[in-house]
Amino acid sequence: MAGSLEAKLETVADWIAAARHVVVFTGAGVSTESGIPDFRGPGGIWSRYSPITYQEFISDPEARRESWRRSRESYSQFAAAQPNAAHLAIAELERLGKLECVITQNVDNLHQRAGNTRVIELHGNSQWVVCLECGKRYPRAEIQAWLERGVEMPACEQCGGILKSATVAFGQAMPERETTEAETYSRACDVFIVVGSSLVVYPAAYMPRYAKQSGARVVLVNASETDFDHRADAIFHERAGEVLPRLVDMVRARLPALPEGPPAA
Ligand code: APR
């Protein structure tokens, strides 16, 4: 769809206001304005480090030591991050009754902190650390204290097993329930909005494809081009923090005003 930013926003707001099932799908690009770097954008994490796979993490103590070093170093960024205007707009969409769920690849918990209650986390959540042997879970903040005391490779207090962030590493099995749920919602929606993802990591990147196959309109809000652009019904190569609040304001203006005050007796 060609046209000015304003005209495109108006059209997409019409689609959302008339939709019965809207799904938002997010990647690291929705959190960069909260101070959390993305992976493949300019200066992204993978331009500084190469990923440590799950196999390397569990079999190579040096890889595990490096992984925890990185985690310790980046912890303060995650801990200090606040939901930004894009997160808040997506939470408002749920409050307006215009959002089935957020499917996210992010592990930063910012959608939940912004107020979304239906969040499907495909790649886990960095708020927890789990023992790979006995399954005991630890708050990530507790493990940060160990790391700052000089522990280089945290081990389970209960069984001595390997501790790992409750996020999904390359080569690690995806969470089955979340992946199935995300596919179901993607196939059942009539508007699917991608926010801040390069759409190169599978199976997460199948979700917009499932939506398109099922007849949904797919909207991309991403600072750079993706290999899905040619299949999108509307594309915004602008910042999520600029586009989402304006879009949600337009949706709100199209919905019947919510009744003021207490419901009639
Ligand atoms: N507004 C809109 N788009 C943005 C913004 C912004 N403020 N900031 C960055 N972007 C875009 C970037 O241009 C990039 O195309 O967001 C996209 C983020 O892409 P990636 O860094 O590849 O992140 P993501 O798609 O979430 O990666 C998927 O890869 O490394 C794994 O597990 C990791 O979940 C992650 C997965």
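Colleague: Is H111 buried or exposed?

Modeller: Buried means under 20% relative accessible area, exposed over 50%, and partly exposed in between, with a 1.4 Å probe and protein chains only. H111 has 1% relative accessibility and therefore counts as buried. The place of H111 is in helix 5; helices (H or I, at least four residues) and strands (E, at least two) are DSSP runs, numbered from the N terminus. This is a predicted model, in which local features need pLDDT of at least 70 and side-chain atom pairs count only at pLDDT 80 or more, while totals for chains, interfaces and linings use all residues. Residues are numbered from 1 along each chain as its sequence is written, and side-chain values use heavy atoms, with hydrogens and water left out.

Colleague: Which residues does H111 touch?

Modeller: Contact means heavy atoms within 4.5 Å. Leaving aside residues up to four places away in sequence, H111 touches T26, V30, H87, I90, V102, T104, N116 and V119.

Colleague: What caps the N-terminal end of helix 4?

Modeller: A polar contact is a pair of N or O atoms within 3.5 Å; within protein, one must be able to donate a hydrogen and the other to accept it, and residues adjacent in sequence count only if both atoms are side-chain atoms. The cap here is N84, with a side-chain oxygen 2.7 Å from the backbone nitrogen of A86. Helix 4 is followed by G97, which has a positive phi, near 80 degrees.

Colleague: Which residues have the most contacts inside the largest nonpolar core?

Modeller: A nonpolar core is a set of buried Ala, Val, Leu, Ile, Met, Phe, Trp, Tyr and Cys residues joined through side-chain atoms within 4.5 Å. The largest one has 32 residues, and I16, I193, V219, F236 and L244 have the most contacts inside it. Helix 9 gives the most to this core, with 7 residues. Not counting residues up to four places away in sequence, L244 touches A86, A89, I90, V195 and V221. Another core lies apart from the largest one and has 21 residues, including I120, L199, V218 and L220.

Colleague: How many residues surround the ligand?

Modeller: A residue is near a molecule if one of its heavy atoms lies within 4 Å of it. Here 22 residues surround the ligand, the closest being E33, F39, R40, S197 and S198. An oxygen atom of the ligand is 2.6 Å from an N or O atom in the side chain of S198. For the side chain of N222, an N or O atom lies 2.9 Å from a ligand oxygen.

Colleague: What part of the ligand's area does the protein bury?

Modeller: Accessible areas come from the Shrake-Rupley method with a 1.4 Å probe; for residues, only the protein chains shown count as cover. The ligand taken alone exposes 730 Å², and the protein buries 93% of that.

Colleague: Where does G160 lie?

Modeller: G160 is in the loop between helix 6 (140-148) and strand 6 (163-167). Its relative accessible area is 52%, so G160 is exposed. The C-alpha atoms of G160 and E133 are separated by 8.3 Å, at 27 residues apart along the chain.
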